[in-house]
Amino acid sequence: MKLNYESCVLGSKVVLVPYRPEHVDTYHGWMQDQEILDQTGSEPLSLQQEIDMQLEWYNDEMKCTFIVLSRDLCNFGDNCDDALVDRTPTNENPLFVERNLDAMIGDINLFLSTWDKDENEDDTAANNPKNKDIDQISKNVNHEIMQAEIDIMIAEHSNRRCGMGLQACRMMIAYGHDHLGVQRFFARINEDNTASISMFRNKLGFSQCGYAECFKQVELELLCTSDTLDRIRGQILPLLDTNQLHIFESKVP
């Protein structure tokens, strides 16, 4: 997606930067790992296929991808703001993306689509709290309602189970709602990936809305009611250096 191609989101543990050509080599290496392929339901691609895919995703306004960096590994230079507003690349001062390739630990994605809320209403329970949440969202939105499948991968084993994936998800949910207008987030997770299911349920507040027997996947959702957004923002704001997104420039494909 072009919309997020100049946006960087800072957290206390992670930094989200747009997926750029400079990242492809490392990403391709990750996707040769059979465990990662199994967990993400992916097929291995050649390097050229990954290069073509990065460009395709850049041009696809329904796919939003950030690379997740470990903040501790990032080189911000002497001033954080200056580091993220590089305008002129030089050998002595390479662009932020280029000089932090070694800080890559994973990626996070939103796959956007129009939400048919009628499919999510439970006709058998007029007092079902979920139906009330859907009604609240419908009243607040006077156009097509957007939903997004959220997908997170922490590829580097040493950076798993230390809160980085959780923080990246919270930041992505806030970004997706505030900048892309997403009103419903959902995740499809292999039933044997108990750590991810627990994170989405217990830490992010998602609830189960389906199960795909053929894929052995659990589907979880989060509806963006005012209460949900207040909770997410309350978790997010203390993690960010600023309430505003940092903007920087780098090479475009």
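This is a predicted model: local features need pLDDT of at least 70, side-chain atom pairs count only at pLDDT 80 or more; totals for chains, interfaces and linings use all residues.
Residues are numbered from 1 along each chain as its sequence is written, and side-chain values use heavy atoms, with hydrogens and water left out.

Helices and strands are DSSP runs numbered from the N terminus (H or I, at least four residues, for helices; E, at least two, for strands). Helix α7, which covers residues 164-180, has 17 residues and reaches 23 Å from its first C-alpha to its last, close to the 24 Å expected at 1.5 Å a residue, where the expected span is 1.5 Å times one less than the number of residues. Of the 17 residues of α7, 15 are buried, a term that denotes under 20% relative accessible area, with exposed set at over 50% and partly exposed in between (1.4 Å probe, protein chains only). The helix is followed by Gly 181, whose phi is positive, near 75°.

Strand β3 (residues 63-70) is largely enclosed by the rest of the structure, because seven of its eight residues are buried. Two strands are taken to pair if DSSP finds at least two bridges between them. Strand β2 (residues 14-18) runs antiparallel to β3 and is joined to it by five bridges, with Phe 66 of β3 as the bridge partner of Pro 18. Seven bridges join β3 to strand β4 (residues 104-114), also in an antiparallel arrangement, and here Cys 64 has Leu 110 of β4 as its bridge partner.

A search of the whole structure finds seven salt bridges, each defined as a side-chain nitrogen of Lys or Arg within 4 Å of a carboxyl oxygen of Asp or Glu. One of them joins the side chains of Glu 35 and Arg 160 (3.5 Å, N to O); Glu 35 lies in helix α2 (residues 34-40) and Arg 160 in the loop between β5 (146-154) and α7, 125 residues apart. Glu 35 counts as partly exposed at 33% relative accessibility, as does Arg 160 at 23%.

A salt bridge is also found between Arg 188 and Glu 149 (3.3 Å, N to O), which lie in strand β6 (residues 182-190) and strand β5 respectively, 39 residues apart. The side chains of Glu 221 and Arg 184 meet in a further salt bridge (2.7 Å, N to O); Glu 221 lies in strand β8 (residues 217-223) and Arg 184 in strand β6, so the pair ties together parts that are 37 residues apart in sequence. Both Glu 221 and Arg 184 are buried, and salt bridges that share partners join Glu 149, Arg 184, Arg 188, Glu 219 and Glu 221 into one network.
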